[in-house]
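Okay, thanks for making time, everyone. Let me put the model up on the screen and then talk you through it.

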Amino acid sequence: MINIDWDTNFEVGHERIDSEHRVFLNLIRTISTEVEANSNKERILRLLAELVKYAEFHFLSEENEMLRVDYPGYDEHRHEHEKLLTKFTDMMAQFRSGALPLDSIVEFVFLWFALHTTQVDKRLGEYIQQNDKL
Ligand SMILES: [Fe+2]
């Protein structure tokens, strides 16, 4: 199982986004721990549902920040969020039908988080730092 720890590379330099990312990563870690401990399927499904809801909330939060500062990469960034939610919902359905093991979902979400924060969200953080007039 991969090591799910906070890394300073995940920081995008925006207080609220960074703090939401920490909550998001903590949730992934909790799920990973429960998967390793072989917790019951219902409990893990509820944690995955919590992760989806938190992702939805967090994406809205980021997108509203983008709108506030008139971010030129809004459409592209929002599309990345939508793709993740679609893929994640699809993976959960595959897990329910027994076609996909849980650890592959956890690994996918963590790798997505690591890649998305260090590239896509970091560009947003830099833009806000340079352009925020408030
Ligand atoms: Fe994002």
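This is a predicted model: local features need pLDDT of at least 70, side-chain atom pairs count only at pLDDT 80 or more; totals for chains, interfaces and linings use all residues.

Residues are numbered from 1 along each chain as its sequence is written, and side-chain values use heavy atoms, with hydrogens and water left out.

So, cavities. By that I mean a set of points, on a 1 Å grid over the protein atoms alone, where a 1.4 Å probe fits but cannot get out; lining residues have an atom within 4 Å of a point. Points are joined across faces, edges and corners, and volume is the space filled by probe spheres set on them.

We get two of 30 Å³ or more. The largest has a volume of about 40 Å³, and its lining is F24, L51, V52, A55, L84, L85, F88 and V109. That's eight nonpolar residues, no polar and no charged (Ala, Val, Leu, Ile, Met, Phe, Trp, Tyr, Cys and Pro are nonpolar, Asp, Glu, Lys and Arg charged, the others, Gly among them, polar). Helices α2 (41–68) and α3 (74–96) each supply at least two of the lining residues; helices here are DSSP runs of H or I, at least four residues, numbered from the N terminus.

Now the iron. Its protein donors (N, O and S atoms within 2.8 Å of the metal; water is not among the atoms, so sites may look incomplete) are E62 (OE), H77 (NE2), H81 (NE2), H116 (NE2) and D121 (OD), at 2.1 to 2.3 Å. The sequence spacing reads E-x14-H-x3-H-x34-H-x4-D. Buried means under 20% relative accessible area and exposed over 50%, with partly exposed in between (1.4 Å probe, protein chains only). H81 is buried at 1%, and H116 is buried at 5%.

N38 isn't a glycine, yet has a positive phi of about 55 degrees. N38 sits in the loop between α1 and α2 and is exposed at 68%. D70, in the loop between α2 and α3, has phi near 60 degrees, also positive in a non-glycine, and is exposed at 63%.

Key:
On a 1 Å grid over the protein atoms alone, a cavity is a set of points where a 1.4 Å probe fits but cannot get out, and a pocket is an open set with protein on both sides within 12 Å along at least five of seven lines; lining residues have an atom within 4 Å of a point. Donors are N, O and S atoms within 2.8 Å of the metal (3.2 Å for Na, K and Ca); water is not among the atoms, so sites may look incomplete.
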